[in-house]
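Reader: I have a model open on my screen and would like to go through it with you. Could we begin with the open spaces and then move to single residues?

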Amino acid sequence: MNGFQRDLIDWFRENQRVLPWRQSKDAYRVWVSEIMLQQTRVDTVIPYYLAFMREFPTPEALATATEDQILKAWEGLGYYSRVRNLQTAVREVVEEYGGKVPDTREEISTLKGVGPYTAGAILSIAYGKPEPAVDGNVMRVLSRILLIEEDIAKPATRKIFERILYDLISKEDPSSFNQGLMELGALICTPTSPGCLLCPVREQCRANHAGIQNTLPIKSKKKKPVLKQMAAVIIRNEDDDVLIEKRPETGLLARLWQFPNIETVSLANQVEELEGVLKEDFHIEGKVGKPVQTVEHVFSHLIWRISVYEVIVKGRPDVESETRKWVKKSDVEQFAFPVSHQKIIQQSL
């Protein structure tokens, strides 16, 4: 155990990547980075993190921001509930803890969106507390090091790794230990073709000794995402403004802006269905022609295949409300759109 801790920490200190969130041990900055890094690649996160911290450098700045501001800053990262939960939790930190992120697992775990992994990451990295931070990356590494053949897709398996890590984690430098596990999984102990010859803890790796590192971890397969045929329409008035609407208050991509769109039964009837929706929901009479673009966006559980159409209407129909508005093409970028509709903007506006 001591050799594993020492070899891992020494390797991390010498080989860690230079990342912007590692320039400070500030708990708020660590917290923001960990939320951004959930389900998102490091290279993707870096520019978002830098921009986000410029706009919201303190808990107080994030706590007082509007929802439109935070959604725009998060635009493109996906999983928008993450930033909403982050702001809710940061507001509690400002109101209840004077802007200081709690430094105990009991307190920090009560904050919205802070699960066991995020709590452990903040406590160990920012406060130097020997708390485990177990995500899929860490479970993959430890499955191989300790030759654990439990299905890491099962929630109960995480508890096994947490119990192990309470014993295994370095009490002297828990920050470098936890980050070392994460870095090892990112750079060397990768999901496929792990670089065992470069691994600093190969001597302690039971899977490597048994020659089965490529078969671990055990992970049951997810269901294939469901394909949904969608139709979106860019509605232009005679001033060449476009109509956008806000998504519902709850559910997938809640409260982001989008172009009017529907799920359709089949490609063959899309035009007819769109024209019906325009007439019934928008009181707009318009001729829908051929698709001008097709956009495909993959979520974890479904795929949107969106056929994009255009309609030009006479005058400026009075359809505006709290959730619908005409905007100039030059102003569209001020609103937060999901990635699928950003693609529409890039190609069709």
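Reader: How do the residues of the lining of the largest pocket divide into nonpolar, polar and charged?

Author: This is a predicted model, and in it the lining of the largest pocket divides into 16 nonpolar, 14 polar and 15 charged residues. The space in that pocket comes to about 1,600 Å³, and of the 45 residues that line it, those closest to its centre are L37, Q39, D135, G136 and N137.

Reader: Which element gives the most to the lining of the largest pocket?

Author: That is α11, with 7 residues. The elements that contribute two or more residues to this lining are α1 (2–15), α2 (27–37), α3 (42–55), α8 (116–127), α9 (136–145) and α11 (174–187).

Reader: And how much space lies in the second largest pocket?

Author: About 380 Å³ lies there, and among the 21 residues lining the second largest pocket, G78, Y79, Y80, L253 and F299 are the closest to its centre. Both α6 (81–97) and β5 (293–298) supply at least two residues of that lining, and the largest share, 3 residues, comes from α6. By class, the lining of the second largest pocket has 10 nonpolar, 8 polar and 3 charged residues.

Reader: Which other residue has a positive phi although it is not a glycine?

Author: S193 has a positive phi of about 50°, and its place is in the loop between α11 and α12. At 62% relative accessibility, S193 counts as exposed, because the cut-off for that word is over 50%.

Reader: While we are on the backbone, which peptide bond is cis?

Author: The bond from L216 to P217 is cis, with omega near 5°. P217 is found in the loop between α12 and β1 (226–236).

Reader: What about α10, then: which residues of α10 are buried, and where do they fall as seen down its axis?

Author: The buried residues of α10 are T157, F161, E162, L165 and L168. Seen down the axis of α10, these buried residues fall within an arc of 145°, so they line one face of the helix. That set packs against α1, α8, α9 and α11, whereas A156, R163 and D167 are exposed on the other side of α10.

Reader: What should the 14 residues of helix α10 span, at 1.5 Å a residue?

Author: They should span 20 Å, and the end C-alpha atoms of α10 (residues 155–168) are 20 Å apart, which agrees.

Reader: Changing topic, what is N178 in contact with, leaving aside its neighbours within four places in sequence?

Author: N178, which is found in helix α11, is in contact with G120, S124, E131, P132, A133 and I169 on that basis. With a relative accessible area of 2%, N178 is buried.

Reader: Last one: where does F259 lie, and is F259 buried or exposed?

Author: F259 lies in the loop between β3 (257–258) and β4 (261–263), and it is buried, with a relative accessible area of 0%. Neighbours within four places in sequence aside, its contacts include V233, I234, V242, F337, H341 and L349. The C-alpha atoms of F259 and Q204 are separated by 55 Å, and these two residues are 55 residues apart along the chain.

Technical notes
Residues numbered from 1 in each chain as written. Predicted model: local features only at pLDDT ≥ 70, side-chain atom pairs only at ≥ 80, totals over all residues. Heavy atoms only, no water. 1 Å grid on protein atoms, 1.4 Å probe; cavity = no way out; pocket = protein on both sides within 12 Å on 5 of 7 lines; lining within 4 Å. Points joined across faces, edges and corners; volume = space filled by probe spheres on them. Helix = DSSP H or I, 4+ residues; strand = E, 2+ residues; numbered from the N terminus. Nonpolar A, V, L, I, M, F, W, Y, C, P; charged D, E, K, R; others polar. Expected span 1.5 Å × (residues − 1). Buried < 20%, exposed > 50% of the residue type's maximum accessible area, 1.4 Å probe, protein only. Arc of directions from axis to C-beta. Contact = heavy atoms within 4.5 Å.
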